[in-house]
Amino acid sequence: MIIPIGAQEANETLLKSLQKRYPGDENINVHVREIRERHSFASLDPNVEANDAVNSRKSIKRSYEMPNKREIIIGHERASCVEPLFGPIKELDGLTIAELTKQLIQSFPDHSAKLAESIVILWWSN
């Protein structure tokens, strides 16, 4: 089963964050997908990730050079832009991906063990 969700929500979240930091830069609108694809990541807990970065002096910030040679910096947005993927998703009738996966496995009790070890959730853009 393939359910095409996620990328648009992540792009919109990233775009809102970057527009606040770089108001009026239309290049961000055009390149938000590429920025997300190159620099975003999912974290079990973005707050812990940020605190770990501060404590270890390892920066989560990354720079991205726009085609007009302007450099923008993205930090917490790298993880926060994918957070909508872990909440209720309208295309799934308000379910989360975890809830949908659980329902799917429970729908086939005779095959639940095999299903549980066979499900792979991927995120990609084309």
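Start with strand β2, residues 71–74, in this predicted model. Colour its two faces separately. I72 and I74 make up the covered face. E71 and I73 sit on the uncovered one. In a regular strand, side chains alternate between the two faces of the sheet.

For one of the pairings, select Y64: its bridge partner in β2 is I72. I72 also belongs to the covered face of β2.

Next, follow the hairpin between the strands. It has 5 residues between β1 and β2. Stop at K69, where phi is positive, near 75°.

Move to the helices. Select α1 (residues 7–21) and α2 (residues 26–39). Their axes come within 9 Å and cross at roughly 120°. That angle makes α1 oblique to α2. The crossing is right-handed.

Show side chains at this contact. From α1, pick A7, A10, N11, L14, L15, L18 and Q19. From α2, pick I28, N29, V32, R33, I35 and R36, which the α1 residues meet. Colour the set by type: 8 residues are nonpolar, 3 polar and 2 charged.

Last stop: helix α3, residues 46–56. Select N47, which lies in this helix. Is N47 buried or exposed? N47 counts as exposed, because its relative accessibility is 57% and the cut-off for exposed is over 50%.

Finally, draw a distance from the C-alpha of N47 to that of S80. The two residues are 33 apart along the chain, and their C-alpha atoms are separated by 9.7 Å.

Conventions
Residues are numbered from 1 along each chain as its sequence is written. This is a predicted model: local features need pLDDT of at least 70, side-chain atom pairs count only at pLDDT 80 or more; totals for chains, interfaces and linings use all residues. Side-chain values use heavy atoms; hydrogens and water are left out. Axes are lines fitted to C-alpha atoms, for helices over the stretch in contact, and angles run from 0 to 180 degrees between N-to-C directions. Helices (H or I, at least four residues) and strands (E, at least two) are DSSP runs, numbered from the N terminus. Angles under 35 degrees count as roughly parallel, over 145 as roughly antiparallel, 65 to 115 as roughly perpendicular and the rest as oblique. A crossing is left-handed if the near helix is turned anticlockwise from the far one by less than a right angle, and right-handed if clockwise. Contact means heavy atoms within 4.5 Å. Ala, Val, Leu, Ile, Met, Phe, Trp, Tyr, Cys and Pro count as nonpolar, Asp, Glu, Lys and Arg as charged, and the others, Gly among them, as polar. Buried means under 20% relative accessible area, exposed over 50%, partly exposed in between (1.4 Å probe, protein chains only). Two strands pair if DSSP finds at least two bridges between them.
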